[in-house]
Amino acid sequence: MEETAWNSETFKIAYTVFGWIAFVVWSSSFYPQFILNYSRKSVVGLNFNYLILNNTKHTLYLIYNASLYFSPNVRFQYHQKYGFDQMIPVAANDVAFSTHAVLLTLALLFQVAIYERGNQSISKITMGIITVVWITVGVCSFIAFPSKSWLWLISIFNTMQVVLATIKYIPQAFMNFMIKSTDGFSIGNVFLDFCGGMANYAQMVIQSIDQNSWVNFSGNLGKVLLSLVCMFFDLLFMCQHYVLYPSKKTSSISPSKLNDKIKEPLIKSPSNVPVAENV
């Protein structure tokens with residue numbers, strides 16, 4: 001089946017450029033944290049719940065992107081639902097990013113296994129969420145198999161990855177709030193993630209303008225919501241880092257001290273409350 005053509009060569013080029021900008025920037029966003037962990041030989045300050053949720057989210061997103069990009073059956077079902085005159089809303093850069101993201105999140109989890117991590121661990125709530133996700137994947141796959149409803153199946157995966165994208169940021173944001181610090185969490189990752197979200201959203205807008213149709217937004221709602229969720233939480237992290245909890249002596253705080261800070265009780269007894277100092 002012949003794919004829908006672009007109306008403007010300029011928009012086609014812009015779509016490709018923004019797509020690969022999103023790939024480069026979003027992919028690069030993993031490395032500041034990876035390098036920070038390596039230089040410190042510690043993952044104290046990095047929330048493990050965030051990591052495992054992120055890996056699961058990107059795995060689901062990879063299945064969605066690869067299926068819609070490579071499978072003729074899935075693409076045919078997409079055209080049946082949204083129209084044969086509509087473009088497939090997944091590009092090569094989406095598949096490349098998802099593949100890279102799965103590999104890098106696995107690398108970060110490997111760092112968790114080999115570096116100092118203090119008393120941190122993956123919470124029971126997170127393990128429960130991951131278990132529910134994969135049980136849902138199994139049940140939905142069983143339902144889809146007889147009727148070969150592959151588009152429906154991967155759309156479920158796409159929806160779940162957006163939900164996980166929302167959930168995955170919460171543990172890190174909450175940890176920053178509890179310890180009143182962003183030490184150990186790379187702000188470089190946040191900037192790159194934010195730029196990737198903007199480029200990803202711009203790519204969708206360009207395709208819609210060229211085709212004079214916003215069907216690609218509903219056809220790949222997960223990609224749109226992913227960009228918006230990323231940008232929202234990145235702005236929150238920037239606010240925490242620069243406004244709420246600006247670090248004055250980041251380099252002087254050792255991983256062991258940061259770990260002690262994490263273990264402090266939420267509410268201290270009056271005898272443990274230090275005398276306030278004038279700053």
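Helix α1 (residues 9–28) packs against helix α5 (residues 92–114) with an angle of about 10 degrees between them and 8 Å between their axes. Angles under 35 degrees count as roughly parallel, so α1 is roughly parallel to α5. From α1, the contact draws on Gly19, Trp20, Phe23, Trp26 and Ser27. From α5, it draws on Ala92, Asn93, Ala96, Phe97 and His100. Sorted by class, this contact between α1 and α5 has six nonpolar residues, four polar ones and no charged ones. Two packed helices are described by the angle between their axes and the distance between the axes. The model is predicted.

Now step back to the whole chain. The protein chain has eleven helices and zero strands. Read along the sequence, its pattern is α-α-α-α-α-α-α-α-α-α-α. The protein chain has 279 residues, and 46% of them are buried. Among contacts with a separation of 6 or more, 85% join residues 24 or more positions apart. The accessible surface comes to about 14200 Å². Carbon and sulfur atoms hold 69% of that surface.

Residues 12–31 are 90% helix and 0% strand in the model. The end C-alpha atoms of residues 12–31 are 30 Å apart. Residues 151–170 are 100% helix and 0% strand. Their end C-alpha atoms also lie 30 Å apart.

Next, look at His58. His58 sits in helix α3 (residues 48–70). Is His58 buried or exposed? Buried means under 20% relative accessible area, and His58 has 3% relative accessibility, so His58 counts as buried. Which residues surround it? Leaving aside neighbours within four places in sequence, His58 is in contact with Phe30, Phe97, Ser98, Ala101, Val102, Thr105 and Lys168. One of these, Phe97, also belongs to the α5 side of the contact with α1.

Gln86 is found in the loop between α4 (72–82) and α5. Not counting residues up to four places away in sequence, Gln86 touches Thr4, His79, Ser213 and Val215. Gly219 is 133 residues from Gln86 in sequence. In space, C-alpha to C-alpha, Gln86 and Gly219 are 9.5 Å apart.

Two other loop residues deserve a look at the backbone. Most residues other than glycine have a negative phi. Lys180 has a positive value, near 55 degrees. Lys180 is found in the loop between α7 (150–179) and α8 (187–211). With a relative accessible area of 45%, Lys180 is partly exposed. Asn212 also has a positive phi, near 55 degrees. Asn212 is in the loop between α8 and α9 (215–219). Is Asn212 buried or exposed? Exposed means over 50% relative accessible area, and Asn212 has 72%, so Asn212 is exposed.

Methods
Residues numbered from 1 in each chain as written. Predicted model: local features only at pLDDT ≥ 70, side-chain atom pairs only at ≥ 80, totals over all residues. Heavy atoms only, no water. Helix = DSSP H or I, 4+ residues; strand = E, 2+ residues; numbered from the N terminus. Buried < 20%, exposed > 50% of the residue type's maximum accessible area, 1.4 Å probe, protein only. Contact = heavy atoms within 4.5 Å. Areas by Shrake-Rupley, 256 points an atom, 1.4 Å probe, with all protein chains shown as cover. Axes fitted to C-alpha atoms, helices over the stretch in contact; angles between N-to-C directions. Parallel < 35°, antiparallel > 145°, perpendicular 65-115°, else oblique. Nonpolar A, V, L, I, M, F, W, Y, C, P; charged D, E, K, R; others polar.
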